[in-house]
Amino acid sequence: MLKPLGDRIVIEVVEQEETTKSGIVLPDSAKEKPQEGKVVAVGTGRLKDNGEKVALEVSEGDQVIYSKFAGTEVSYDGKDYLIIRENDVLAVVQ
Amino acid sequence: MLKPLGDRIVIEVVEQEETTKSGIVLPDSAKEKPQEGKVVAVGTGRLKDNGEKVALEVSEGDQVIYSKFAGTEVSYDGKDYLIIRENDVLAVVQ
Amino acid sequence: MLKPLGDRIVIEVVEQEETTKSGIVLPDSAKEKPQEGKVVAVGTGRLKDNGEKVALEVSEGDQVIYSKFAGTEVSYDGKDYLIIRENDVLAVVQ
Amino acid sequence: MLKPLGDRIVIEVVEQEETTKSGIVLPDSAKEKPQEGKVVAVGTGRLKDNGEKVALEVSEGDQVIYSKFAGTEVSYDGKDYLIIRENDVLAVVQ
Amino acid sequence: MLKPLGDRIVIEVVEQEETTKSGIVLPDSAKEKPQEGKVVAVGTGRLKDNGEKVALEVSEGDQVIYSKFAGTEVSYDGKDYLIIRENDVLAVVQ
Amino acid sequence: MLKPLGDRIVIEVVEQEETTKSGIVLPDSAKEKPQEGKVVAVGTGRLKDNGEKVALEVSEGDQVIYSKFAGTEVSYDGKDYLIIRENDVLAVVQ
Amino acid sequence: MLKPLGDRIVIEVVEQEETTKSGIVLPDSAKEKPQEGKVVAVGTGRLKDNGEKVALEVSEGDQVIYSKFAGTEVSYDGKDYLIIRENDVLAVVQ
């Protein structure tokens with residue numbers, strides 16, 4: 001099992017079709033595309049200045065939307081995961 | 001439903017006509033153009049150093065003006081939203 | 001009405017003649033030119049680390065000098081405004 | 001009158017002759033040239049994290065040496081001033 | 001023996017086959033590849049602002065995944081180690 | 001007299017011969033060359049977050065070694081000085 | 001004698017043979033090579049926000065490994081030293 005450190009979480013990525021409607025890159029668009037995934041493990045929390053930990057806002061099993069370029073891909077036990085910081089999670093899908 | 005994390009909010013963008021009056025780009029203008037939208041969901045608040053949360057200043061239903069290049073576009077349930085941090089909200093229209 | 005957030009203020013810009021005396025750009029001058037305006041709305045204050053707000057130093061009606069390249073231009077109700085952070089206000093004209 | 005905000009001060013610049021002795025630019029010299037001026041107004045002080053103000057170290061009337069590239073030039077009432085942060089003041093001439 | 005300082009840890013790197021399946025570099029992939037290793041020594045902890053130390057989350061003997069480009073390679077007693085900060089450890093393999 | 005502000009000190013530079021032994025610039029050397037000088041005036045101290053001052057570690061008369069590229073050269077009363085921050089002092093020669 | 005300031009230490013560098021085995025620079029290696037040295041003097045400690053000093057973790061006589069590109073070379077009394085911050089010390093060799 002992968003146990004993320006601090007404010008990191010492990011995500012099982014949900015594959016998305018990457019076809020854009022027009023196929024044209026709009027250079028003046030500064031928006032980044034998000035991606036969806038399922039949280040499979042959460043760290044022990046963000047370390048405060050006084051040495052205590054703040055528990056994360058997301059939990060195991062949460063369906064989350066996160067910034068596409070965040071995190072590190074990890075291959076473990078034949079499956080692909082993504083380890084990102086909770087701060088890169090934009091929203092939970094409920 | 002999209003539940004934003006921390007100090008993030010979900011905005012339903014109000015479409016604006018993008019015709020500039022003169023059609024000439026003024027290169028010495030460093031001003032960025034803002035956009036308008038309606039807040040449809042707010043996060044649990046900004047995390048303080050001591051682990052507490054500060055409630056956001058904007059509320060669901062607020063009409064807000066925000067920086068054009070802020071945030072991440074999210075497509076959810078057939079509608080387009082924008083997830084931005086409250087700090088990128090310039091003003092509430094009252 | 002525009003209600004700015006946090007430490008932001010809304011300014012009604014005072015138009016200035018942009019004729020320079022010599023018409024020559026001095027490339028070794030790193031000084032930026034300021035502009036003048038009238039404060040028409042102030043935010044609820046700067047957020048402190050403990051979650052409290054510090055009231056702004058400028059008030060509605062103040063005539064202020066601010067950095068030319070600061071802020072975001074906003075068109076509202078047929079008039080042009082500028083939303084800047086109080087930190088970009090250099091001085092109040094008394 | 002110009003009333004600077006926060007940790008800013010208003011300076012009346014003392015003109016200096018800009019003739020260099022050799023007329024040769026030494027490219028490996030990373031030193032910046034300072035300038036002299038007289039403080040004509042001081043702000044209410046630097047804002048501390050707890051919301052209190054720390055009074056400035058320089059006072060009205062002080063002759064100060066400051067970094068040449070600091071601050072913003074302001075024309076007011078037919079005279080030229082410079083608004084800089086106290087942090088850009090290197091020393092007081094006594 | 002190598003005794004790392006502060007929040008640093010000493011890692012014995014686990015060699016990995018570096019053959020990519022397709023052999024093609026995908027230029028739009030911003031993900032960094034992680035590596036695996038075994039912790040052989042941990043520092044005395046992260047120094048807090050008040051001068052106390054926060055003990056590290058990883059322990060000697062832990063199998064960890066860390067960012068490929070983190071740290072400094074050290075040759076000691078005929079063996080190669082890597083000294084990294086605990087913050088560069090992504091997850092512990094359990 | 002020059003009275004430096006905050007954590008700044010005024011140094012009378014000790015001239016050094018600038019002949020390198022080989023005359024060859026080694027491009028992979030990232031080391032910066034230090035210089036020596038005598039402290040002739042010290043500021044009132046570094047300002048802490050709570051508004052108090054921490055007295056400087058160096059004193060008037062100290063012979064110090066400092067980073068060559070630090071500070072601002074000041075000409076005063078026919079003599080050349082250097083105003084640097086105490087943080088740019090590497091060591092005191094005893 | 002050289003008395004380093006704050007969190008700085010003075011190191012007597014241990015010369016190392018600079019022959020690489022293959023003589024080929026691997027451009028995709030982002031690792032920096034460390035060096036070894038002996039601590040001959042330590043500063044009074046790192047200054048905390050409240051004005052107190054935290055004693056350094058390394059002591060006079062320690063054999064340390066440090067980042068190759070850290071610090072400033074100082075020639076004193078006919079011998080060459082390196083002044084670095086304790087933070088650039090990777091590990092103590094015991």
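Trainee: What makes S9 of chain A and S1(B) count as paired strands?

Mentor: Two strands pair if DSSP finds at least two bridges between them. Strand S9 (residues 89–93) of chain A and S1(B) have three bridges, so they pair. The sense is antiparallel. One of the facing pairs is A:Ala91, which stands opposite B:Pro4 in S1(B). Keep in mind that this is a predicted model.

Trainee: How many residues does each chain bring to the contact of chain B and chain A?

Mentor: Chain B gives 25 residues and chain A gives 21. Together they bury about 1900 Å². Carbon and sulfur atoms carry 52% of that area.

Trainee: Why is the pair of A:Glu57 and B:Lys53 called a salt bridge?

Mentor: The rule asks for a side-chain nitrogen of Lys or Arg within 4 Å of a carboxyl oxygen of Asp or Glu. The closest N and O atoms of A:Glu57 and B:Lys53 are 2.9 Å apart, so the pair passes. Side chains of opposite charge can pair when their charged atoms come close. Across the interface of chain B and chain A, the rule finds one salt bridge. It also finds nine residue pairs in polar contact there, both residues at pLDDT 80 or more.

Trainee: Which elements give two or more residues to the side of chain B that touches chain A?

Mentor: Strand S1 (2–4), strand S7 (72–76) and strand S8 (79–85) of chain B do. S7(B) has the largest share, four residues. By class, this side of chain B has 11 nonpolar, six polar and eight charged residues.

Trainee: Now chain D and chain F. How do you know what the contact takes from each?

Mentor: Contact means heavy atoms within 4.5 Å. On that rule, 21 residues of chain D and 25 residues of chain F take part. The area buried between chain D and chain F is about 1900 Å², and carbon and sulfur atoms give 53% of it.

Trainee: What makes D:Glu57 and F:Lys53 a salt bridge?

Mentor: Their side chains meet at 2.9 Å, N to O. The cut-off is 4 Å, so they qualify. The rule finds one salt bridge across the interface of chain D and chain F. The count of residue pairs in polar contact is nine, both residues at pLDDT 80 or more. Strand S9 (residues 89–93) of chain D gives five residues, the largest share of the side of chain D that touches chain F. That side divides into 10 nonpolar, two polar and nine charged residues.

Trainee: How do you know that S9(D) pairs with strand S1 of chain F?

Mentor: Three bridges join S9(D) to strand S1 (residues 2–4) of chain F, and at least two are needed, so the strands pair. They run antiparallel. D:Val92 stands opposite F:Lys3 in S1(F).

Trainee: Within chain D, how many bridges join strand S2 to strand S8?

Mentor: Four bridges join strand S2 (residues 8–13) to strand S8 (residues 79–85) of chain D, in antiparallel fashion. D:Ile9 faces D:Ile84 in S8(D). Strand S7 (residues 72–76) of chain D also pairs with S8(D), antiparallel, over five bridges. There, D:Ser75 has D:Asp80 as bridge partner. The hairpin of S7(D) and S8(D) has two residues between the strands, and D:Asp77 takes a positive phi near 60 degrees.

Trainee: What is the order of the open sheet of seven strands?

Mentor: The order is S1(A)-S9(E)-S6(E)-S3(E)-S2(E)-S8(E)-S7(E), with antiparallel pairing. Strand S1 (2–4) of chain A and strand S7 (72–76) of chain E are the edge strands, and each pairs on one side only. The twist averages 40 degrees from one strand to the next. Inside this sheet, S2 (residues 8–13) and S3 (residues 34–42) of chain E pair over five bridges. E:Val13 has E:Gly37 in S3(E) as its bridge partner.

Key. Residues are numbered from 1 along each chain as its sequence is written. Chains are lettered from A and ligands numbered from 1 in the order in which they are written. This is a predicted model: local features need pLDDT of at least 70, side-chain atom pairs count only at pLDDT 80 or more; totals for chains, interfaces and linings use all residues. Side-chain values use heavy atoms; hydrogens and water are left out. Buried area is the accessible area (1.4 Å probe) that two parts lose on being put together, summed over both. A polar contact is a pair of N or O atoms within 3.5 Å; within protein, one must be able to donate a hydrogen and the other to accept it, and residues adjacent in sequence count only if both atoms are side-chain atoms. Ala, Val, Leu, Ile, Met, Phe, Trp, Tyr, Cys and Pro count as nonpolar, Asp, Glu, Lys and Arg as charged, and the others, Gly among them, as polar. Axes are lines fitted to C-alpha atoms, for helices over the stretch in contact, and angles run from 0 to 180 degrees between N-to-C directions.
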